[in-house]
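Please walk me through this model, stop by stop, in my viewer. Tell me what to select next and what is there.

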Amino acid sequence: MSLTLYFLRHGQTTLSREDNFCGSGLDPELTPEGLQMAQAFASAYRQTEWTAIFTSSLRRSITTAQPLCDTLGRSMESRAGLNEIGYGEWEGLSKGQVEQQYSEDYVAWLADPAWHPPSGGELAVKVAQRGLQVVQEIRERFVQGNILVVSHKATIRIILCNLMGIEVGRFRYRLACPVGGVTVVEFAPNGPLLHTLADRTYLSETLRSLPGT
């Protein structure tokens, strides 16, 4: 048996619903629909033999993992390295507001977010560094088994870019990561192998069709 990581993006929040910037500087609760997503994941994946469960230190990630932990009687381990990218002065703003108020920074960030951070925010390469430290910790502690990693949209995509050999500056344009999406990566003999990207078939059609996810 190999080591397999299940990357789960947290359930819906009010800011993800509105498609506003929400990074490590904000910690909104899940919406009622977001809580339903968390429960649906727990129901769908309760039969999986989990070796460990990791989350970011943000509430929306912890709350998403809680139903599964409650179902299994397991504890989770929180790591700040899995927190969302810091959006600095853009936190809570819409894309239109950012484009209007921070036009130059926004254009540079769209072109290459790896080396151009949001205004007062965090570089994607820094997110990659801290996120991969958590992945390395997992690989050193567990030779095999299924590991759940509950994290955030940008952070998951940035980690995946590194694992899949995709340039980090393309993380926004190469990989989907909707709320509740499950991405599965196996550490195979020849390197990380992507089995599933952003799967949400475990969710009801109503939850999958929610806007702004």
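Predicted model: local features only at pLDDT ≥ 70, side-chain atom pairs only at ≥ 80, totals over all residues.

Residues are numbered from 1 along each chain as its sequence is written, and side-chain values use heavy atoms, with hydrogens and water left out.

**Stop 1: helix 6**

Select residues 124–141, which form helix 6. Helices (H or I, at least four residues) and strands (E, at least two) are DSSP runs, numbered from the N terminus. The end C-alpha atoms of helix 6 are 26 Å apart, which agrees with the 26 Å that its 18 residues should span at 1.5 Å a residue. That expected span is 1.5 Å times one less than the number of residues.

Now colour the buried residues of helix 6: Ala 124, Val 127, Ala 128, Arg 130, Gly 131, Val 134, Val 135 and Ile 138. Buried means under 20% relative accessible area, exposed over 50%, and partly exposed in between (1.4 Å probe, protein chains only). What do the buried residues of helix 6 pack against? Show strand 1 (3–9), strand 2 (50–55), strand 4 (145–151), helix 7 (153–164), helix 8 (171–174) and strand 5 (182–188).

Stay on Ile 138. Leaving out residues up to four places away in sequence, Ile 138 touches Leu 3, Leu 5, Phe 54, Ile 147 and Val 149. Contact here means heavy atoms within 4.5 Å.

**Stop 2: helix 7**

Select helix 7 next. Helix 7 has 12 residues and reaches 16 Å from its first C-alpha to its last, close to the 16 Å expected at 1.5 Å a residue. Nine of the 12 residues are buried, so helix 7 is largely enclosed by the rest of the structure. Those buried residues are Ala 154, Thr 155, Ile 156, Arg 157, Ile 158, Ile 159, Leu 160, Cys 161 and Leu 163. They pack against strand 1, helix 6, strand 4, helix 8, strand 5 and strand 6. Step just past helix 7 to Gly 165, which takes a positive phi of about 75 degrees.

**Stop 3: the cores**

A nonpolar core is a set of buried Ala, Val, Leu, Ile, Met, Phe, Trp, Tyr and Cys residues joined through side-chain atoms within 4.5 Å. In soluble globular proteins, nonpolar side chains tend to be buried together.

Which members of the largest nonpolar core touch the most other members? Of its 38 residues, select Leu 5, Phe 7, Trp 90, Ile 138, Ile 147 and Ile 158. Strand 1, strand 2, helix 5 (103–111), helix 6, strand 4, helix 7 and strand 5 each supply at least two residues of this core. Helix 7 gives the largest share, seven residues. Apart from this core lies another, of 22 residues, among them Tyr 45, Val 150, Val 182 and Leu 203.

**Stop 4: the largest pocket**

Centre the view on Arg 9, Asp 19, Asn 20, Tyr 87 and Lys 153, which lie nearest the centre of the largest pocket among its 21 lining residues. On a 1 Å grid over the protein atoms alone, a pocket is an open set of points where a 1.4 Å probe fits, with protein on both sides within 12 Å along at least five of seven lines; lining residues have an atom within 4 Å of a point. About 350 Å³ of space lies in the largest pocket, counted as the space filled by probe spheres set on the points, which are joined across faces, edges and corners.

Helix 7 gives the most to the lining, with three residues. By class, the lining has six nonpolar, seven polar and eight charged residues. Ala, Val, Leu, Ile, Met, Phe, Trp, Tyr, Cys and Pro count as nonpolar, Asp, Glu, Lys and Arg as charged, and the others, Gly among them, as polar.

**Stop 5: two positive phi values**

Most residues other than glycine have a negative phi. Select Asp 19, in the loop between helix 1 and helix 2 (32–45). Its phi is near 60 degrees, a positive value. Asp 19 is partly exposed, with a relative accessible area of 35%. Then select Ala 198 in strand 6 (residues 191–199). Ala 198 has a positive phi of about 55 degrees, and is buried at 15% relative accessible area.

**Stop 6: the loop between helix 5 and helix 6**

Finish with Asp 112, in this loop. Asp 112 and Val 168 are 56 residues apart in sequence and 8.7 Å apart in space, C-alpha to C-alpha. Leaving aside neighbours within four places in sequence, Asp 112 is in contact with Gly 169 and Arg 170.
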